[in-house]
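User: I would like to learn how to read a protein model. Could you take me through one feature after another?

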Amino acid sequence: MAVVAGEKYLLYHYNPSFAAAVAFIVLFGLSTGLHCVQLGLRRTWYFIPFVLGGICYVARAVNAKQSPDWSTGPYAIQSLMVLLAPTLMAASIYMVLSRIIILTDGESHSIIKPKWLTATFVAGDVISFLAQSAGGGMLVKAKTKSDVKLGQNIITGGLGIQVLFFGFFIIVAAIFHMRIRAAPSRRSQTITVPWQQYLVILYVASTFIMIRSVFRIAEYVMGSDGILLSHEYYLYIFDATLMWLTMVLFNVRHPCHIIPNKHEMEEMLGSRDPASQESNFELAEPVHARVHHHSKH
């Protein structure tokens with residue numbers, strides 16, 4: 001337990017609920033387990049970051065059994081995982097939008113080229129995460145009230161960066177969606193993949209992550225004496241539940257249908273016409289379309 005000015009600085013401002021932690025271990029475990037099966041069956045290794053985002057709350061359950069003498073090890077682990085999970089999930093969401101743009105032959109409708117889209121927003125998340133990690137580390141080691149305040153301010157700044165980048169991502173997605181609806185590409189009208197459903201899921205998942213990030217900012221702005229940090233149920237409502245729902249969304253509608261794995265890419269490349277080898281969009285061509293194409297020859 002950290003100490004501030006000769007007094008005990010509480011890592012938690014309540015006694016963490018063991019039952020709640022176990023409940024979310026089970027919920028995240030079920031969704032993560034299903035994601036692992038989906039990942040293995042479809043060989044969608046690119047979705048590993050998303051799956052890692054579901055590993056949370058085990059260390060929190062350990063702390064719950066230690067009340068009120070919490071050890072800093074489990075606290076630091078659970079804080080790190082709770083901070084990291086949305087970043088890992090967001091990286092996969094960025095990839096989904098990038099693939100939708102390529103799939104629909106809609107590069108001209110996007111204000112950021114697909115090849116730069118994921119890298120741009122992941123860079124923002126990395127900066128945000130490093131700031132949050134630094135602030136979290138300061139809180140764990142805090143010795144004075146000024147150290148606590150500085151740690152909270154750094155975390156708030158990191159969360160602010162995350163909100164700015166993610167807000168911009170939502171704007172990029174919305175602009176692309178409006179443009180391609182106003183002037184649809186031929187490919188967006190002929191492919192059988194339900195890319196508009198994936199866009200809706202992307203919006204919902206993005207909204208969940210944005211609400212969670214704004215909640216975290218409010219939490220630290222209000223301070224350790226604020227209602228959000230002093231009551232555990234807010235964490236489970238505005239963080240744990242929203243992140244779990246995000247995972248379930250992609251269980252129900254897994255992006256394997258719009259992001260082919262390496263084997264599928266090689267298969268598609270092998271069946272392409274030499275004259276179209278420079279077209280990235282052929283990678284997403286439906287199988288039935290390729291069969292029809294060859295049957296004509």
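This is a predicted model: local features need pLDDT of at least 70, side-chain atom pairs count only at pLDDT 80 or more; totals for chains, interfaces and linings use all residues.

User: Where is V172 placed, and is V172 buried or exposed?

Analyst: V172 sits in helix α6. Buried means under 20% relative accessible area. V172 has a relative accessibility of 1%, so V172 counts as buried.

User: How far apart are V172 and I111 in sequence and in space?

Analyst: Compare two numbers here. Along the sequence, V172 and I111 are 61 residues apart, while their C-alpha atoms are 6.6 Å apart in space. For the chain as a whole, take the contacts with a separation of 6 or more: 77% of them are between residues 24 or more positions apart.

User: What elements is the chain built from, and in what order?

Analyst: The chain has two strands and 12 helices. Reading from the N terminus, the order is β-β-α-α-α-α-α-α-α-α-α-α-α-α.

User: How much of the chain is buried?

Analyst: Of the 297 residues in the chain, 48% are buried. The accessible surface comes to about 14000 Å², and carbon and sulfur atoms hold 67% of that surface.

User: How do I read a nonpolar core?

Analyst: The general idea is that nonpolar side chains tend to be buried together in soluble globular proteins. Here, the largest nonpolar core has 44 residues, and the members that touch the most other members are L97, I100, L117 and F169. Two or more residues of this core come from each of α1, α4 (72-103), α5 (114-140), α6, α8 (195-222) and α10 (232-252). The largest share, 10 residues, is given by α4.

User: What does F169 touch?

Analyst: Setting aside neighbours within four places in sequence, F169 is in contact with I93, Y94, L97, L117, F121, L202 and S206.

User: What about a residue in a loop?

Analyst: Take T44, in the loop between α1 and α2 (48-52). T44 is buried, with a relative accessible area of 1%. Leaving out residues up to four places away in sequence, T44 touches Q38, L39, H254 and C256. The C-alpha atoms of T44 and P255 are 8.9 Å apart, although the two residues are 211 residues apart in sequence.

User: How many salt bridges are there, and how do I read one?

Analyst: The structure holds four salt bridges. For each one, look at the partners, the distance, and where the partners lie in the chain. R60 pairs with E232, with 3.2 Å between the closest N and O atoms. R60 is buried at 2% relative accessibility, and E232 is buried at 10%.

User: Which side chain meets R212 in a salt bridge?

Analyst: The side chain of D239 meets that of R212, at 3.3 Å from N to O. R212 belongs to helix α8 and D239 to helix α10, so the pair ties together parts 27 residues apart in sequence. R212 and D239 are both buried.

User: How are E219 and R216 placed relative to each other?

Analyst: E219 and R216 are three residues apart in helix α8, which means about one helical turn separates them. Their side chains form a salt bridge of 2.7 Å, N to O, and both residues are buried. Through shared partners, salt bridges join R212, R216, E219 and D239 into one network.

User: What does Q162 touch, and is Q162 buried or exposed?

Analyst: Q162 is buried, with a relative accessible area of 3%, and is found in helix α6 (residues 145-182). Beyond its neighbours within four places in sequence, Q162 is in contact with P86, T87, D125, S128, Q132, R212 and S213. R212 is also a member of the salt-bridge network.

Notes: Residues are numbered from 1 along each chain as its sequence is written. Side-chain values use heavy atoms; hydrogens and water are left out. Helices (H or I, at least four residues) and strands (E, at least two) are DSSP runs, numbered from the N terminus. Buried means under 20% relative accessible area, exposed over 50%, partly exposed in between (1.4 Å probe, protein chains only). Contact means heavy atoms within 4.5 Å. A nonpolar core is a set of buried Ala, Val, Leu, Ile, Met, Phe, Trp, Tyr and Cys residues joined through side-chain atoms within 4.5 Å. Accessible areas come from the Shrake-Rupley method with a 1.4 Å probe; for residues, only the protein chains shown count as cover.
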